[in-house]
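Hi there,

Here is the structure I promised to send over. Have a look at it first, and my notes follow below.

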Amino acid sequence: TAGLKSSKTRFIAFISFALNYYFHQYDPVGYHVFNNIIHILAGFFLYLFLKATLKMSSLSSRYDHPALIAFLAALIWLLHPVQTQSVTYIVQRMNSMASMFFIISFWCYVRTRMALVSKAKWLWFLGSAFAWLLSLGCKQITVTLPFFILLYEWYFFQDLNPDWIKQNL
């Protein structure tokens, strides 16, 4: 019953397994290709997130090449041996997909905060909420995203103002 219970809470990941099975049955190559695609996409969105963070007005004067720094950091993350298990173990797709959607949601939040047009803010915010829901459908640990967004907001946009954190905690 443990597998049935997790299939209800991690339904997005299980849908991806079902699609892999539909197209590849028991051939592991298709599963590994999909896991690598997820990992590469996560690295790409990590790059976008880091670049957006480094281009903020509070940080832009400190770094001459924010895109290069973001690229190198994402590349290290992509190629680091600690990622081997998440990419090579087929069932670890839940972790990779959850991480990818978590990063996408976080990036969309940053885009929400940096958008100048009200309509764009709402679209980015909806994208953030949708990506978070997808991450929750992969692994429950992503329930922590609002906490990390709160910390990010407090650090990067509120200059660690203690009054702001007391009001919004």
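**Helix 7 and its partner**

Helix 7 (residues 93–114) packs against helix 9 (residues 145–157) at an angle of about 35 degrees, with the axes 11 Å apart. Axes here are lines fitted to C-alpha atoms, for helices over the stretch in contact, and angles run from 0 to 180 degrees between N-to-C directions. Helices (H or I, at least four residues) and strands (E, at least two) are DSSP runs, numbered from the N terminus.

Please bear in mind that this is a predicted model: local features need pLDDT of at least 70 and side-chain atom pairs count only at pLDDT 80 or more, while totals for chains, interfaces and linings use all residues. Residues are numbered from 1 along each chain as its sequence is written, and side-chain values use heavy atoms, with hydrogens and water left out.

Back to the helix pair. On the helix 7 side, F102, S105, F106, Y109, V110 and R113 meet L145, F148, I149, Y152, E153 and F157 of helix 9; contact means heavy atoms within 4.5 Å. By class, this contact has nine nonpolar, one polar and two charged residues (Ala, Val, Leu, Ile, Met, Phe, Trp, Tyr, Cys and Pro count as nonpolar, Asp, Glu, Lys and Arg as charged, and the others, Gly among them, as polar).

Helix 7 itself has 22 residues and reaches 31 Å from its first C-alpha to its last, close to the 32 Å expected at 1.5 Å a residue (the expected span is 1.5 Å times one less than the number of residues). Of those 22 residues, 17 are buried, so the helix is mostly covered; buried means under 20% relative accessible area, exposed over 50%, and partly exposed in between (1.4 Å probe, protein chains only).

**The core**

The largest nonpolar core has 33 residues, and F49, F101, I104, F106, W107 and Y152 touch the most other members. Such a core is a set of buried Ala, Val, Leu, Ile, Met, Phe, Trp, Tyr and Cys residues joined through side-chain atoms within 4.5 Å. Helix 3 (28–54), helix 5 (66–79), helix 7, helix 8 (118–136) and helix 9 each supply at least two of its residues, and the largest share, twelve residues, comes from helix 7. Leaving aside neighbours within four places in sequence, F49 is in contact with F106, W107, V110 and Y152.

**The whole chain**

The chain comes to ten helices and zero strands. Its C-alpha trace spans about 55 × 35 × 30 Å along the principal axes. Buried residues make up 36% of the 169 residues.

N35 sits in helix 3 and counts as buried because its relative accessibility is 1%. Beyond its neighbours within four places in sequence, N35 is in contact with S86, V87, Y89, I90 and R93. S16, in helix 2 (residues 11–24), is also buried, with a relative accessible area of 7%. Not counting residues up to four places away in sequence, S16 touches F34, R93 and M97.

**Two loop residues to look at**

Most residues other than glycine have a negative phi. Q25, in the loop between helix 2 and helix 3, has a positive phi of about 50 degrees although it is not a glycine. L160, in the loop between helix 9 and helix 10 (162–168), has a positive phi near 55 degrees. Q25 is partly exposed at 39% relative accessibility, and L160 is partly exposed at 41%.

Best wishes
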